[in-house]
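Hi,

Here is the structure I promised to pass on.

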Amino acid sequence: MMGSVHLAISFFIFAGFSVRPQLQVLLFVLVFSMYGMSLAGNTIITTVIRLNVVLHTPMYFFLTNLSLLEICYTTSIVPKMLASLMSEQGKKIALWGCATQMYFFTLFGITECCLLAAMAYDRYVAICNPLRYSIIMNPAVCIQLSVASWSVGLVVGLGQTNYVFSLTFCGPNKINHFFCDIPPLLTLACGDTSRNVIAVYMVAVLFITTPFLLILISYIYIVISILKISSSEGRRKAFSTCSSHLIVVSLFYGSGIITYLRPKSSYSAESDKLLALFYTVVTSMLNPIIYSLRNKEVKVALRRMMKSTIYSFQC
């Protein structure tokens with residue numbers, strides 16, 4: 001995959017947030033805290049859903065997928081980022097390590113884009129076509145949507161990583177970012193990268209923008225159905241849930257669309273780092289809270305599991 005990479009470049013160095021080095025410790029604490037909350041929240045959600053038969057429904061099947069995906073997604077980026085914030089040695093990453101990180105980050109990121117669209121479709125069917133929900137969203141369809149999401153991520157991740165690392169890197173080797181993302185790496189490549197830029201745009205349009213538009217269309221239909229609810233309390237709860245989902249979805253897709261669809265001439269490393277924090281750490285921390293821990297069924301199941309655990313310890 002990396003046969004044509006110039007031998008002079010055996011490793012890269014992350015610039016990180018070098019513009020404000022005095023904030024390194026504060027940033028480490030913030031990112032570490034959000035990462036810990038993300039791991040804890042997503043692990044709890046996965047465990048609660050797996051241990052409660054009542055929650056073995058299409059919606060919670062997708063939420064389990066999302067939680068596992070979030071754990072993998074953040075872990076592909078955050079540990080190395082924390083190491084780079086703590087020491088100069090931590091800023092170094094081998095060529096193969098950079099390629100590996102890019103592959104897994106792209107794989108998990110694209111998979112999440114597709115999976116969130118599948119989840120929106122599930123909610124659309126549940127709210128707008130409730131009588132046929134169990135027929136449309138049967139177990140086979142759920143598995144197919146999940147496998148399709150992961151398959152797209154696998155193929156796009158492999159294709160993009162191979163395409164980037166078929167370029168020649170002849171120095172400098174300092175990546176103006178905190179992980180091996182495609183745009184900052186293309187600025188270090190020697191020769192023509194126009195085809196790579198086009199490939200990035202195509203992936204962003206097909207697998208980031210398109211799922212986002214599908215989610216928005218689904219929620220438009222959902223809102224129309226909610227407006228038909230006679231109970232004002234029911235409408236209020238439904239709107240509260242939908243608005244929370246849309247805020248998190250907009251943060252994730254919006255920051256990604258700005259990063260990968262912005263013209264190369266207007267590329268700004270510092271703004272891209274800030275946006276990357278949103279779609280790698282912030283939304284991952286918010287997802288378990290918004291999608292699951294505010295859900296009545298999950299809260300009841302969590303309380304039941306905690307009581308059972310405490311009783312077991314007492315016995």
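Predicted model: local features only at pLDDT ≥ 70, side-chain atom pairs only at ≥ 80, totals over all residues.

First, the rule for ring pairs: rings of Phe, Tyr and Trp (for Trp, its six-membered ring) pair if their centres lie within 6.5 Å, and planes under 30 degrees apart count as stacked, over 60 as edge-to-face and the rest as tilted. By this rule the count comes to 17 aromatic pairs.

Residues are numbered from 1 along each chain as its sequence is written, and side-chain values use heavy atoms, with hydrogens and water left out.

A few more terms you'll need. Helices (H or I, at least four residues) and strands (E, at least two) are DSSP runs, numbered from the N terminus. For accessibility, buried means under 20% relative accessible area, exposed over 50%, and partly exposed in between (1.4 Å probe, protein chains only).

Aromatic rings

Phe12 and Phe169 make an edge-to-face pair, with 5.6 Å centre to centre and 85° between the planes. Phe12 is in strand 1 (residues 11-14) and Phe169 in the loop between helix 6 and strand 3, so this pair ties together parts 157 residues apart in sequence. Both ends are out of the way: Phe12 counts as buried at 0% relative accessibility, and Phe169 is buried at 1%.

Then there is Phe108 with Trp150: the ring centres are 6.2 Å apart and the planes are at 85°, so this pair is edge-to-face. Phe108 is buried at 9% relative accessible area, whereas Trp150 is partly exposed at 24%.

Which residues do ring pairs link into a cluster? They are Tyr73, Phe105, Phe178, Phe179, Phe212, Phe252, Tyr253, Tyr260 and Tyr279.

One charge is worth a look too. The charged end of Lys92 sits over the ring of Phe11, 5.1 Å from its centre (the cut-offs are NZ of Lys or CZ of Arg within 6 Å of the ring centre and within 35 degrees of the ring normal).

Cysteines

How many disulfides does the structure hold? Two, taking a disulfide as a pair of cysteine sulfur atoms within 2.5 Å. Counting bonded cysteines along the chain, the pattern is 1-3, 2-4.

Cys98 and Cys180 form one of them, with their sulfur atoms 2.0 Å apart. The link is left-handed, at -125° about the S-S bond. It joins distant parts of the chain, 82 residues apart: Cys98 is in helix 4 (residues 95-128), and Cys180 is in the loop between strand 3 (174-175) and helix 7 (182-186). Cys98 is buried at 0% relative accessible area, and Cys180 is buried at 0% as well.

Cys170 and Cys190 form a disulfide with sulfur atoms 1.7 Å apart. The torsion about its S-S bond is about -105°, so the disulfide of Cys170 and Cys190 is left-handed. Here Cys170 is in the loop between helix 6 (139-164) and strand 3, and Cys190 is in the loop between helix 7 and helix 8 (194-227), 20 residues apart. Cys170 is partly exposed at 41% relative accessibility, and Cys190 is partly exposed at 24%.

Cys113 counts as buried, at 4%.

Strand 1 and strand 3 run parallel and are joined by two bridges. Phe14 stands opposite Ile175 in strand 3.

Asn287

Asn287 lies in helix 10 (residues 269-293) and counts as buried at 5% relative accessibility. Its C-alpha is 8.2 Å from that of Ser38, although Asn287 and Ser38 are 249 residues apart in sequence. Leaving aside neighbours within four places in sequence, Asn287 is in contact (heavy atoms within 4.5 Å) with Leu66, Glu70, Glu112, Val248 and Ser292.

Cheers

Terms used:
Pairing = 2+ DSSP bridges.
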